[in-house]
Amino acid sequence: MKTMRRMNPQISGRRPPRGVSLVELLMAMGGLSLVITSSAMLLHGVMRAQSESRRFFDDERTSARLARVFRADVHAAAQVDAQVAAPAGERLVAFTLPDGGTIEYRHSADHRQIQRRLLTPGNEAAVAREDYSFASAYAAIVTVAQQQIHLELGAEGADGALAPPGVVRPPRTPAEAKRKPPALVVEADLGRDLRFLPARDGEARP
């Protein structure tokens, strides 16, 4: 029988297998954690940029929808309540329809939402309501010049009113400082669509 002999590594010319030291293991783990942290920070930045972009485009769509509906209400209104044409409390403006109904626009206390409410004659409760929400606070003002109604949304000033160009209220949060406030200007003629309605008895249409 042949006996197996263990060869001496020094005689055979091969080095014994070398293990991994604790320092090398810690360095590898540190490098891996650095890569993971950098990837997480990059992913967080991309997701935040995407979220802010989504808010911006949501505000743009909301502004376009508000402008379209507000212009249609002005064109269909018979008269405007001039006493509430300037912001007073939460109410921005109110329009009276030919059938006696009322459409009023209000803004929320935090100035981030405009509410459109439809009221029927003799009923103070709203039968229909539509909300227009924005990501950041705004200032709104409605002015009446003869038969033309002017709605403007912009950045808030220090007193909560519409800020002049270049003068804005300091942002409440760091996230708000990166957001662009809503900017909207709508001009419409009061009662523009009423000329297409048939005249009632004893009523003249222009």
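1. A search of the whole structure turns up one cavity of 30 Å³ or more, where a cavity is a set of points on a 1 Å grid over the protein atoms alone at which a 1.4 Å probe fits but cannot get out. This is a predicted model, in which local features need pLDDT of at least 70 and side-chain atom pairs count only at pLDDT 80 or more, while totals for chains, interfaces and linings use all residues. Residues are numbered from 1 along each chain as its sequence is written, and side-chain values use heavy atoms, with hydrogens and water left out.

2. The largest cavity has a volume of about 30 Å³, a volume being the space filled by probe spheres set on the points. Its lining (residues with an atom within 4 Å of a point) consists of Leu66, Phe70, Leu92, Val93, Tyr105, Ile114, Val142 and Leu151. Helix H2 (22-76) and strand E2 (91-96) are the elements that give two or more residues to this lining. By class, the lining residues are eight nonpolar, no polar and no charged, with Val, Leu, Ile, Phe and Tyr among the types counted as nonpolar.

3. The structure holds five aromatic pairs, meaning rings of Phe, Tyr or Trp (its six-membered ring) whose centres lie within 6.5 Å. Phe56 and Phe57 pair edge-to-face (planes over 60 degrees apart), at 5.4 Å centre to centre and 75 degrees between the planes. Phe56 is partly exposed at 34% relative accessible area, and Phe57 is partly exposed at 48%, the term covering values between under 20% (buried) and over 50% (exposed), with a 1.4 Å probe and protein chains only.

4. Phe134 and Tyr138 also form an edge-to-face pair, at 5.7 Å and 65 degrees, and both residues are buried. Phe70, Phe95 and Tyr105 form one aromatic cluster; Phe70 and Tyr105 also line the largest cavity.

Conventions: 1 Å grid on protein atoms, 1.4 Å probe; cavity = no way out; pocket = protein on both sides within 12 Å on 5 of 7 lines; lining within 4 Å. Helix = DSSP H or I, 4+ residues; strand = E, 2+ residues; numbered from the N terminus. Phe/Tyr/Trp six-rings, centres within 6.5 Å; stacked < 30°, edge-to-face > 60°.
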